[in-house]
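Here's a quick tour of some charged pairs and packing details. Have the viewer open as you read.

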Amino acid sequence: MTKALRTYFLFIVTFIVCVSSLSSAPSMGMDGKIDINSIRGPKIKDLYMVIYRDPDSQILALETGKLDVLSDIIRPVDIKRLAARDDILLTLSEGFHIFFMGFNLREFPWNDLALRKALSHAVPRKKIVRDLFAGYCMPVSTYLPPVSPYYEPNVTHYDYDPDKARSILSEAGWRWSKEGVLIPPGKEKPLKKVYLLCPTAQAAPTTAELAARIVDSFVSLGLPVELQMLDFSMMIKRLDKHDFDLFVMAWSLSRDPDNLFAFFHSSMDTEGGYNIQGLHDQAIDEVLEKLRWAKDKESATAYAKEAQRMLSEKAPWIPIYSRYMISAIRKDWKGVIYSKKTTADNMWSLLNMEPKAGKMRPLYWCLPEDPRTLNPLAASSAYDWSVLGLIYESLIATDPYTMDDVPWLAKQWSVETKGTGENSSTILRFHLRKGVTWQDGNPFTAEDVKETILYLRKHEIPRYFDQVNHVISVEAPSSQEVIVTLDRTSYWYLHNIGGLPIFPAHLLRNVKDWKSWRPERLNNPNGPKLTQLIGTGPFIFTEYKPGEFVHLIRYDEYWKR
């Protein structure tokens, strides 16, 4: 994400004033910058992911010690309140994050480009963001956030301009009824009422307020729209089934820009797929495919920027803001790790944290919503993976200070390409770490990696489809070596495969229906006190009480201990 929008004077002045009491050493942990290779943990024995939906309850629980870690603090009043306390550490980082409003392009009137452009000019994003976030977010008009090294600022900008919005509609043949409601070109009757989906005000008050302001701006233009607040899991179901008009959503993005392919390529318009809005545009598909098959960073950057320019012209989203990530941790814990790019609520902190007092006690981590599912094959929300990410691991991790690749389940790897163009191929060789075991005691081997990749490819599971779609073969010549061959060449293949969560082959091969699999409810044949929700990760799932907490315990045989 670039720095361009930070020239917005009022926005940044407010930001500087508000964060002056936050941590001023963003590249340092509480005890200085920590060598992540030397970390041996986790030290925490009991981890409770406690469900607090109401932001006021979250803040109070943190202040009174009922919570130790609170992530994603948004409201300026809460940030100022916590920053004034001596017993709480606030950390801030630039976020790979974007919040937007999306259209259902599969249906009229949202497939009308003039209407989308006009509505884009109707949203006063700068005022909304300034009013609601007081400088802790930046308004954006782009499809990658400004912190991304692939960010392109020179796109079609839809600044707030109601007169221009009306002019665009008039030139395209739209009219208004006597009541001020929009009438489509060639039609006699005005538009029927439509709905903007958003989470409930209880679960996400700022998002609900922002959505309400978007509705107000649309109504003033003549669109008969009403806000429809839903439980988050119900909202996701509606989006998965394409049963919606408009929606608001936030994405936490990866460091690579090929997520643009997942969000906007027509092949990703499937039930449960990431192309929620249903964009089908041949020219954009072609550029996204070039981005997908980029051989190096230079060509990848060029195609990413071109894709952003084309997407802005087609306006499948109305980008609203990208926010700074702010988290809070009580200072009676030591070993916290954070940087300019990573807030303290991360896996590295969990591996390294322990009470300052010396006597071990449970760690209480806020979960603002119930997990939608604990089935790792179907899970898609951040709340699901807040839990699952502590259980399952991947071949490659990310350095919290530099965002570079870090060996994880794979201790080393190599990338080899053969041929050119459509006849080319890529060979990834992973050499696995020895001594890693599953939480039921079974050894982690190359067969687990092979079985995971082949299962995800065979069943075309939406969450992972984009990562494994181009796999030709997977071989395990030994228990510690995996060879993955993919068609064509791509700069992103290493992260696509290296970033997959790896599942235990001895359980996965018995999963016949991945959609209905409920591993947390099934007994593990290899351990009487275990479920089938097991990974190689540092924490073992033990109990989930909806509306209350998810309880995990330390895996004592974890390879980093």
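## Salt bridges, overall

A salt bridge here is a side-chain nitrogen of Lys or Arg within 4 Å of a carboxyl oxygen of Asp or Glu. Keep in mind that this is a predicted model.

Take Arg53 and Glu369, whose side chains meet in a salt bridge at 3.7 Å, N to O. Arg53 sits in the loop between strand 1 (46-51) and helix 2 (55-63), while Glu369 is in the loop between strand 14 (363-367) and helix 13, so this pair ties together parts that are 316 residues apart in sequence.

Lys314 and Asp281 make another salt bridge, with the closest N and O atoms 3.6 Å apart. This one also links distant parts of the chain, 33 residues apart: Lys314 belongs to helix 11 (residues 297-314), and Asp281 to the loop between helix 9 (259-264) and helix 10. Lys314 is partly exposed, with a relative accessible area of 30%, and Asp281 is buried, with 14%.

Now for a local case. Lys127 forms a salt bridge with Asp131, and their closest N and O atoms are 2.7 Å apart. Both residues lie in helix 5 (residues 125-133), four residues apart, or about one turn of the helix. Lys127 is partly exposed at 45% relative accessibility, and so is Asp131 at 37%.

## A buried arginine

Is Arg292 buried or exposed? Arg292 counts as buried, because its relative accessibility is 1%, under the 20% cut-off. Arg292 is part of helix 10 (residues 282-292). Beyond its neighbours within four places in sequence, Arg292 is in contact with Asp258, Phe261, Asp466, His470, Ser490 and Trp492.

## Helix 8 and what follows

In helix 8 (residues 232-240), the buried residues include Phe232, Met235, Ile236, Arg238, Leu239 and Asp240. What do the buried residues of helix 8 pack against? Their partners are strand 8 (194-199), strand 9 (225-230), strand 10 (246-252) and helix 13 (382-388).

Just after helix 8 comes His242, with a positive phi of about 65 degrees.

Technical notes. Residues are numbered from 1 along each chain as its sequence is written. This is a predicted model: local features need pLDDT of at least 70, side-chain atom pairs count only at pLDDT 80 or more; totals for chains, interfaces and linings use all residues. Side-chain values use heavy atoms; hydrogens and water are left out. Helices (H or I, at least four residues) and strands (E, at least two) are DSSP runs, numbered from the N terminus. Buried means under 20% relative accessible area, exposed over 50%, partly exposed in between (1.4 Å probe, protein chains only). Contact means heavy atoms within 4.5 Å.
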